[in-house]
Structure formats: structure tokens, C-alpha cells
Amino acid sequence: MTATIAPPRPQAGAEPPPPSEPRSLPRWAWALVVIGVWIVVWALTKGTDTLEIPVRVHTEVQQQLTDFRDSVLASRDTNPLIQFTYSLGGWFTDVVDWAQRMISIPDFPRPVPQIGWLGVTAIATWIGLAVAGWRIALLVGASFVSFGLFGYWSDSMDLLIVTFVAVVFSVLIGMPLAVWLGTSRRPWVVSMINTLLDIFQTMPTFVYLLPIVLFFGIGASAAVVCTLIYALPPIIRVAGHGIRNVSPTTIEATDAAGQTSFQRLRKVQLPMARKTIVVGLNQTIMAALSMATIAAYVDGPGLGKPVLSALFKNDVGGAFVPGMLIVVMAVMLDRTTTAASEASERAARGQVDLRLRRIVLAVTAVGALVAVWASRTYISLAEFPETSWGPTLAGWVDDFTEWFTDTFRGATDWFKNLISDYLLNPLQSLIAESPWYVTATAILLLAFVFGRARALLPTVICLAGLRYFGLWHDSMITLTMTLVGTLLVMILAVVFGVWMARRASVDLMLRPVLDAGQTIPPFVYLIPMLALFGPTRFTAIVAGVVYAAPVAIKLVADGVRGVSPTTLEASRSTGATTWQEITKVQLPMSRSSLVLAANQGLLYVLAMAVIGGMVGAGALGYDVVLGFSRSEEWGKGAAAGISIVLIGIMVDRICRAAAHDEAVTHDATRRPRWRAALGG
Amino acid sequence: MRKMRIGTKLTAVAAVAAFVLAGCGDGGSIDEQTEANESGAAGAGDCGDLNMAVNPWVGYEASAYVVGTVAQEKLGCKVNYKDLKEDVSWQGFGTGEVDVVIEDWGHPDLEKKFFDGSGDGSATDFGENGNVGIIGWYVPGWLAEEHPDILDWNNLNKYAKEFATSESGGKGQFLGSDPSYVQFDEAIISNLGLDFKVVFSGGEAATITAFEQAQKNKEWLIGYFWEPQYVHAEVPMEKVALPPYEDGCQDDPATVDCDYPETPLKKIVSTSWADEGGPGVDLVKNFNWTNDDQNLVAAWITSDGMSPADAAAKWVEENPDKVDAWIG
């Protein structure tokens, strides 16, 4: 569940790739041939060798995974590794606990924390002013006040603390790895790190949540560690990429001065990659926040707790308010880090009056200190006064949800049945009800059609893995849902992406909505969706679409906007209609963005497979939740998690090979940069 | 100059806000409360910490907070509530992170791992808590009213088509539940020759939403449900009679063809915590209440929107007899 607030735009004006060489038969025709043959074979053989296993039956491999976990669990009192990690976990807990007593929970015997809400808000606002200017300071101040006004001050501070600790360790661990990734001349190091990062990012957290508890303990320590694991990859990937892409001419020029490789790193590569590194940091923070609700499953402190506890009371409004505050926090941190990077660049160029700046900061610092003092002295400045804002908003949301579901249920039910009957069920029957070797052959042939020889090896490995871990049938159902979800995502992406690219006002209006779609915890909107669509695969698909569409829409919008204005004017001068302009010029010329959007969209939809398992979609998502819920099924859950990873890597490698074969990205810096920046 | 003015303004605003708010603050002095807390701590009892696991359902929350409130208010324990699923809670017994699971529906695999004898002995069975879990097949109230014969399993096949959905592949849909729960529905359906397919909702929230919508929109639905559950107070549901449970009829998961047994819910505690003894241990040992008690508190939490702590405090205040019996 990667969170992306604002993927960096591709360099505008980049010319489209040269058209690929003409072939005797285009690739889509070959693909149709493969699918046609597949359908014939399916009609003759369906229902045989599908490798379907009942819900509570597990294979030997899965049992071995469970046994391994059990043996580690049984050894916990004597295992030196567990004792080491446990003390590490204890240390995390102590750090978080100390910070909590400073700003979030009463520091006994004080009835309140050491610094009250006014002091914390003042300090945060001052930091905003110092790093990014007064606009950001206002945003930060308003965000902090909103945490209190809606009644979640303490949970908000807890989430900030956990996020902060996890991000600090992500940077400490991630930056050296990023430098390694960015400076290594060995291709196997690069591909090894990249594959590991892919695994870390697609493995469902529920699979490793129980082992984390085993190794690090319950509560803040588990929350920090699971957040850390998920937040680490973006900074390694993006920063590593930035370092690698510092222009070789600059490096050669400075190398001529006889610098050591360490000097080169410190004086040239790191400073020149700073902007990309900040993007990486930004992505890491967003990823950390998206773990808030998952961490709450193991008593991790933060805003995820009220979201989860409202979920099991079917309290939509009660989940919405803290969920919205997570979005507020994400937007605040996103805008602050971005603005801070821009501000520091201005300062580095000497465009800031340093003397004036120092005076302003000193004066405002005094103000902040006064606020801290006041918040240590007066109860009402320490403890946020209770307001009715939170419950009122929750009430509105409840009323709105009820009205909405009652009004539109008929229409949504019709749409659900339409998609299920005419798209989902036939496709699932083809993919999952064919004998497993037929489906495997068909996937392999399609991979070859699209990605040529380059795609074959990863596809074979992943298919063999899916077969080995014994959840073939469930994997194929999950694959089907992911494909249908991606199709819906791409329809939305093209419609809204083109619209946003053509109208600045639409862009301005939609961006915050897209940001919210990406950062709001899915648990907030699951119940309304269940009310609209029932516990079905379609509900799971819609949840995936909500999460994946924003990324795809932004990518398409950026791609379409990148089409050079001269080309557009040329087409206008020939009298093309708007429709022709879009279909004949803008979309074909932003084809690489469309491919990328489809790739990212698919991975994001897949990332929601586990959430899908909680709303009636069954398949791999359900297996993962089952493994998390029942200790004897842990191995099955782990096998399902691995299968999700394999599907993700397989599809990604086929897409990449296809893009490579099509020479969509001749410019070597472009493709990985997008990918990396998306953390996908 | 522009920046300067803004900086000054901010300071002024902060300072004014501070003093204005300080002026209207009537919460009393922090120092006074600190002193009060200090002297309070000196006179507290010897109960110590009580780490109470809070599993994610409302009934559990009601029991946990009632016991926690009594421990805190009457015995002076420091109660730490930990929001955890069942598996994680049991793992916590051995590490001292969890002391009490107040409502356990039966977990044979966890018992094997953590009870004395077969496992590491970190968990101890502390007996029944008085609640009885009833599991079964339920239909929404409107359906039972319009087709009363549906409450007998023999008639289910007659209606199977009505239960079909986009998920059930032409058969009737039986809505299975959260993977945490004991479920034999696939076996029951096949062994009774019913024309149904189990579709797993995957979570309690999904199941509850499905029953709410089915009752509201008069839709056909049959599924796994249970009592005590707060939603029975809001959505009428009727239990379908399966062949009655007999001893041993659920021993082999593959051949189950009978109803679920009534499950007495149990208290499970950390062995080392229980061995230490103290008033908190005695309280948990004695704790016992009825399904009606729990449903009442659960309804306060859900329908009336009270916080679990407030709801528990209200019940404790209104039921001194029962509470006194627990603390002896």
C-alpha cells in the first residue's frame, strides 16, 4: 500500500519515442490469437486440474511454513536473536513512551503532558516558518489546531511520534543503502536491491505482523518496526536513483580536480541529487502514514486506533473523522517537506536575506517559548478543550452515507451485477477454471508476445513459484480481480487525466481529492462500499480502484500535459476537432505515460488484495487474513502473501519488458525515474 | 520588511492567544493537580499493573472495560488496555505484555501451544465468564416473518435460488464470516446436501453490514452469525434450526452435519501474572456475568455512542451487588 501524494512530473517537452519497426502482424493480433486458442482449450477442459483447495485445507509446503514459525515461537525464551531484537524493541518503546509523555499523554504525576497543545502547536508552527516560510507555518498551525478541535489530539501526536521515529530510522538505514545502490557499478547489486525492495513493498503487512510481534513485542515497538519496514524502500529507491543520475559530465569535471570517491559523494553527488532525495523522503513519510491503521492491529499508538475501533462498531462517521485527520497530517507533511526543499534551494542560491531571516526566527522563537511556558502552566492550554466538532462532523457523515446508500443502492447493485456477469465472471472462469497448465502456458505466451524473450525468465520463475506455494486457484482469482480493477482504473485515468491536462481549473479542483483518495485509510470507506455493493469481489475491486486511480490519473495528466504545444498547434491548424485532437494526438503521444499508469495502477490494485479479503472477495486476500487470524493457518497466509508478491513481480516485469521492447523509453533516465519516484 | 512584519504579527498573535486563553482557562492549576496525584499515588493499594487485552468486538470490549473499571476504581490497579487480535494476545502472555483475555471462544491450536502440558505453559484457563456463545445460521427478521418455514433447514433447498448472488455461481449464497471464527459451514452444506455455496464475508463489519442492508431492503440473506452481539438489538434476526448438536458430531471437520454447540466463553490469563496473586487476580477469577449484562453495556457503547470506559462505569455504578460479589 504505497502512498504517493504528488509524483514528480516527467520532464516536459520530452519527445515521444520513435515508432517501433513495422512487423508482419502487430502484437495485439498475436495476443488475440493466443487468447482465442486459450478460449477453445478452456471450453474443452474447464473445471479440471484447477488446483482449487478448500478454505481450511493446507498443502505440505504451507504446513512447513507454519511449523517453521512455530519452532521459532517455541524457542523465544532461549533464541539469542529474539532476545536481541526484543531489547531493541524495548528501546523503541522507551523512546516512543518518552516522547508521548512530552506531548501526548499525562506524564504522571502531572495530569497533562510536559508540553501542552498550545506549546506543541507553537513549536510546530515555528518549525514550519523556519524551514519553509509563513504559508507553510499557517498550514502547520491550522493542521495542529484541527487535531485538537476534532477531538483526537493525543492520537494525532502519537501518530506523529511513531511516524517520526520510523522515518528517522528509515533515513539512517536507507541513506547508506541508497548510496550503495546509486554508486555501485555492479548490475547484480542494483537488480538484487531492486528485487528486494519490490518484495518489501508488495508483501502484505499482515503476513509479517505476527513475526514482528514475536521479535519486537506488542505496541509501540511493533508499530515502529512494521512502519519502518514499509517506509524504507522509497527512500532507498528514489535517493539511490537520484545519486546515480547526477550528470556524468559534472562528475568527470570534478574528478579531474583529483577528488576521492568520498569527496565526490559528499561534495557533488549528494548535493546535486538533493531534490530527488527529498522526493524519496517525502514518499517515505507517506508510506509511513499509510501504515497507521495496520499498526493499530498490534496496539500501535496513533490515529489508526480510533479508525479501527470505529470499524468494528460499523461506525462510519466515527472512522471518518480520525481518517480525515490522517489525510490532514499527510498533506501537511507532504507540502512542508516539498516547500522546505524549495526554500533551502533558494537559500543555497543566496536569494534570502539571512540577517532579516535570523531576526524573524528569533522573535517568533520567543513567541513560541512563551506559548510553551503557558501550556505548562494552564490546564486549558495543556489539554485541548473538548469541542463538539468531531461528533458533529461524524453525525453529518453518517447521515450523508445513509442517504447516499439508500438512494443509490439500486443503481450500484445493477452496475455491480453488470460488471460481475459480463466481465468478472467470464474472465475468472477463463483464468481460474482452465487447468493450471493451460493458464500457465497462456500467460507465458502472452508474456512472450508483449515482452519477448526478456519477459520469459521472470514469468517462468513467478509461475513456478505460484504453483509451488499451492494457492494456484486463489492466485488466478486474485489476478482476475486485479486485471478488472486495472481496466476500471485506466478508464478513469484516461477520462480524468485528459480532462485535468486540458483544464487547469479541473486540475486544481481534483488534486486534493486525489491526495485524499490515496492517503485515507481504506477502512474508512469500506462500510459504505459494503452497504452499496454487499460483500462481493466487486466491492474489493472498487476499494482497489479508489486507491489506485489517483496515481494513474496523475500520471496520465502529466503525460498528456507533456505533449509539446507545437504538435498540438500543428494539429489544430489542420482543423482537427477536440475529439480528434485527444484521440489522434494527445493520447498516442503520451503512450509511455499510459503504459506506466497501467503498470502502477495494477500494482496498487494488487496492494489492496488483502483489504479485498475482508470485504468478501475471498482468494489470496482472504488467505492472508486467515493466516493472520488463526495461528494454525499462518503458513497458508504466508504462502498467499508470497503469491501476491509473485503476481506483482511477474506483471511488473512483463510490463517493463514490453515497454523496453517497444522502446517507449529510449531516454534511460526517464523510465526508472518515474517508477522510482512512485515507489512502485 | 514584509517578512519582518509577518514575524512580529505571528508572535503577537501567539502571545495574545496564549494570554486570552489562559484568562478563560478555569481548569485549575497544573501544579495543584500534580500534588494531588502524588499524594494519591502514595495511598494507593498494592494491585499493580493489569494488562488487559481488548479483542476487536464490542461484547469483548464491554467485559474488558467493566473488569478494568472495577480493578482501577475499587482496587487501585493501573489498567493498560491493549487493542489486539486473539493470536497476538496469546503470544503476549509469555512476555508479560498481556495478563488477561476476558472472553475466549475456544482456540484449540493456541491452547496446544501455550497451555501447560502440551505447550510452554505461559497461559492458564481461568474458568468460564458466564457468557454463553451461540453460533448458528441466521436469516434477517423480515424473511423469517414472510416465510416462517425457512427456519427449518429441510426447507432451505426450496428457496436456494432466491439466495443466489453475483458471487455464488448459480447456487444459493451462504455468507461465511470472519476467518477468526470457528466455521464448519462448507461441510454442513455438503453433508446435508444443500444447494448452497459459502461466500466468506472476510470480516465482522462486512457480515453486520450485509444483515443490516438485507433487513432494510428486504433482501434474501442467510449466513453465519452469533450471540452475544450488539447488533441483535438493532436488526432482528432469526436462527435457522439445523440437526441438533450431539456430542462428537463436530469432531471430524469433514463430516460435520449438525448445528454448532453452545460455547461457554472463558477467561484466559498469563500464568506468571496469576502466580503473583493479588486483588486483580482474584477479581478476574471471580468475574462472571450474563449475556444480558454484556448486551446492555455493548448497546450503550454502540447505539448510545458512549465511550467504553463511561459505559462500564455506568454499569458498575448501577450494579453494586454483582460487583461486590467479584471483589469479595
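The model is predicted: local features need pLDDT of at least 70, side-chain atom pairs count only at pLDDT 80 or more, and totals for chains, interfaces and linings use all residues. Residues are numbered from 1 along each chain as its sequence is written, while chains are lettered from A and ligands numbered from 1 in the order in which they are written.

**Contact between chains A and B**

- Chain A brings 69 residues to the contact and chain B brings 58 residues; two residues are in contact if their C-beta atoms, placed from the backbone, lie within 7 Å.
- On the side of chain A that touches chain B, at least two residues each come from α4 (117–132), α8 (205–216), α14 (304–311), α16 (354–377), α17 (379–382), α18 (389–433), α22 (522–533) and α28 (619–629) of chain A.
- Helices (H or I, at least four residues) and strands (E, at least two) are DSSP runs, numbered from the N terminus.
- α16(A) gives the most to this side of chain A, with 12 residues.
- This side of chain A has 42 nonpolar, 17 polar and 10 charged residues. Nonpolar means Ala, Val, Leu, Ile, Met, Phe, Trp, Tyr, Cys and Pro, charged means Asp, Glu, Lys and Arg, and the others, Gly among them, count as polar.

**Strand β4 of chain B and its partners**

- Strand β4 (residues 123–140) of chain B pairs with strand β9 (residues 263–270) of chain B in the antiparallel sense over six bridges; a pair requires that DSSP finds at least two bridges between the strands. B:Thr124 stands opposite B:Val269 in β9(B).
- β4(B) also runs antiparallel to strand β7 (residues 223–227) of chain B, joined by five bridges, and B:Ile134 stands opposite B:Glu227 in β7(B).
- With strand β8 (residues 237–240) of chain B, β4(B) pairs in the antiparallel sense over four bridges. Here B:Pro140 stands opposite B:Met237 in β8(B).

**Domains of chain B**

- Chain B is assigned domain 1 (46–132 + 265–327) and domain 2 (133–263), with bounds from an automatic or database domain assignment.
- The C-alpha centres of domain 1 and domain 2 of chain B lie 29 Å apart.
- In chain B, 16 residues of domain 1 are in contact with 13 residues of domain 2.
- α3 (58–73), β4 and α12 (291–302) of chain B each supply at least two residues of the side of domain 1 that touches domain 2.
- α12(B) provides the largest share of that side of domain 1, six residues.
- By class, that side of domain 1 of chain B has seven nonpolar, eight polar and one charged residue.
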